Amino acid sequence: MVVLLGVVLLQMVGTPRAFAFQIGDSVEANANLNVRACPFISCSIVVTVSVGSAGNIVNGPYAEDGYTWWYIQWAAGVTDYSVQSGLQ
């Protein structure tokens, strides 16, 4: 369990379900992708990275608002949350 700004997030740790990525993986955006301050659609957009932008998975996954989110360190210099469907 992770507490972020007073909100409890359930991190999916140790679940047998397979995910597209794991911590330490290199990823890139497969579309112009919003990077948010927390893993909810209602969270503010910190930046939008361009198609092909590179990053590394730092933490996750998190299941919120019907999406799978990853905490990503983007080459653009920001580290925040993006949805799995926007990654390859």
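**Core and strands**

Modeller: The largest nonpolar core has 16 residues, and L33, I72, W74 and L87 have the most contacts inside it. A nonpolar core here is a set of buried Ala, Val, Leu, Ile, Met, Phe, Trp, Tyr and Cys residues joined through side-chain atoms within 4.5 Å. Buried means under 20% relative accessible area, exposed over 50%, and partly exposed in between, with a 1.4 Å probe and protein chains only.

Colleague: Which strands each supply at least two residues of this core?

Modeller: β4 (33-36), β6 (54-64), β7 and β8 do. β7 gives the most, with 4 residues. Strands are DSSP runs (E, at least two residues), numbered from the N terminus.

Colleague: And what are the ground rules?

Modeller: This is a predicted model, where local features need pLDDT of at least 70, side-chain atom pairs count only at pLDDT 80 or more, and totals for chains, interfaces and linings use all residues. Residues are numbered from 1 along each chain as its sequence is written, and side-chain values use heavy atoms, with hydrogens and water left out.

Colleague: Back to L33. What is it in contact with, leaving aside neighbours within four places in sequence?

Modeller: V47, T48, V49, W74, S82, V83, G86 and L87. Contact means heavy atoms within 4.5 Å.

Colleague: In which sense do β7 and β8 pair?

Modeller: Antiparallel: β7 (residues 67-74) and β8 are joined over 5 bridges. Two strands pair if DSSP finds at least two bridges between them.

Colleague: How many residues of β8 are buried?

Modeller: In β8 (residues 79-83), 4 of the 5 residues are buried, so the strand is mostly covered.

Colleague: Switching topic. How many disulfides does a search of the whole structure find?

Modeller: The search finds 1, joining C38 to C43 with S to S at 1.5 Å. A disulfide is a pair of cysteine sulfur atoms within 2.5 Å. The link is left-handed, with -60° about the S-S bond, and both C38 and C43 are buried.

Colleague: Last one: where is V51, and why does it count as exposed?

Modeller: V51 is in the loop between β5 (45-49) and β6. V51 counts as exposed because its relative accessibility is 56%. Not counting residues up to four places away in sequence, V51 touches A29, N30, A31 and N32. V51 and A29 are 22 residues apart in sequence and 5.1 Å apart in space, C-alpha to C-alpha.
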